[in-house]
Amino acid sequence: MTQKVAVLGTGKIGEALLSGMIRAGWAPADLLVTARRPERAAELHARHGVTPVTNAEAAKTADTLILTVKPQDMGTLLDELAPHVPADRLIISGAAGIPTSFFEERLASGTPVVRVMTNTPALVDEAMSVISAGTHATADHLAHAEEIFGAVGKTLRVPESQQDACTALSGSGPAYFFYLVEAMTDAGILLGLPRDKAHDLIVQSAIGAATMLRDSGEHPVKLRENVTSPAGTTINAIRELENHGVRAALIAALEAARDRSRELASGNN
């Protein structure tokens with residue numbers, strides 16, 4: 001790996017990406033980082049051997065800039081970068097809701113931009129990263145983004161028009177599962193189990209179910225039916241979920257997440 005890659009605004013996801021890239025073969029010497037706090041930059045250097053730089057230095061030196069700051073901070077960052085970013089730099093944005101046009105309007109004409117929505121399982125190399133091309137991004141740019149984010153999980157290309165929906169499903173998705181596990185753990189306690197045992201039962205059930213979904217090729221309805229015996233325990237539980245509108249609530253929740261992603265794109269912070 002000879003290209004230099006800079007991660008700007010290196011938080012937890014940015015650090016997970018750096019760590020995954022190093023495991024995948026990138027040399028730490030080719031990885032640059034910026035951080036708001038000097039002590040954070042020093043920590044990243046000590047932990048991974050990467051080189052702390054300023055945002056301006058990253059723009060001048062790196063071939064690829066991965067912008068991982070919060071959406072509300074992106075405009076300020078681009079104002080700082082714009083005088084220093086040549087038009088041949090690849091810009092990868094990891095900010096929820098912000099379209100590639102936001103970057104193209106603020107950087108040199110022709111600058112290639114790729115939009116990526118990843119999620120927190122990047123911390124354990126199980127991320128789902130959704131990748132879309134801006135106006136000037138080529139197939140090679142998309143392949144490079146896939147190579148980078150493939151170091152921490154799976155990647156999927158979609159048209160940018162689908163990014164808000166993907167943000168709702170997979171970008172925010174892990175939180176929904178954590179929420180469900182939290183609720184099921186409380187239910188286990190109510191049913192008389194110690195918290196640690198309820199937690200272990202639910203987490204392993206979730207891992208097993210996810211593995212079956214991934215590896216079996218079966219539709220989730222089929223897998224659910226395989227567990228649902230006539231007049232049994234599972235169908236009684238499913239009936240209560242339906243009676244309480246859980247399916248409708250999930251649909252409404254994801255629509256709300258998609259709508260918030262659109263609001264972020266319009267500058268409504």
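1. Helix α7 (residues 163–171) and helix α12 (residues 246–265) have axes that come within 8 Å and cross at roughly 130°. That makes α7 oblique to α12, the class left after under 35 degrees (roughly parallel), over 145 (roughly antiparallel) and 65 to 115 (roughly perpendicular). Axes here are lines fitted to C-alpha atoms, for helices over the stretch in contact, with angles from 0 to 180 degrees between N-to-C directions.

2. A word on provenance: this is a predicted model, where local features need pLDDT of at least 70, side-chain atom pairs count only at pLDDT 80 or more, and totals for chains, interfaces and linings use all residues. Residues are numbered from 1 along each chain as its sequence is written, and side-chain values use heavy atoms, leaving out hydrogens and water.

3. Back to the helix pair: in α7, Asp-164, Ala-165, Thr-167, Ala-168 and Leu-169 meet Leu-254, Ala-257, Arg-258, Ser-261 and Arg-262 of α12 (contact means heavy atoms within 4.5 Å).

4. Do look at helix α4 (residues 74–81) too, where Met-74, Gly-75, Leu-77, Leu-78 and Leu-81 are buried (under 20% relative accessible area, with exposed over 50%, partly exposed in between; 1.4 Å probe, protein chains only). Seen down the axis of α4, these buried residues fall within an arc of 160°, so they line one face of the helix; the arc is that of the directions from the helix axis to the C-beta atoms. Thr-76 and Asp-79, on the other side of α4, are exposed.

5. The buried residues of α4 pack against β1 (5–8), α3 (55–61), β4 (64–67), β5 (90–93) and α5 (100–104). Helices (H or I, at least four residues) and strands (E, at least two) are DSSP runs, numbered from the N terminus.
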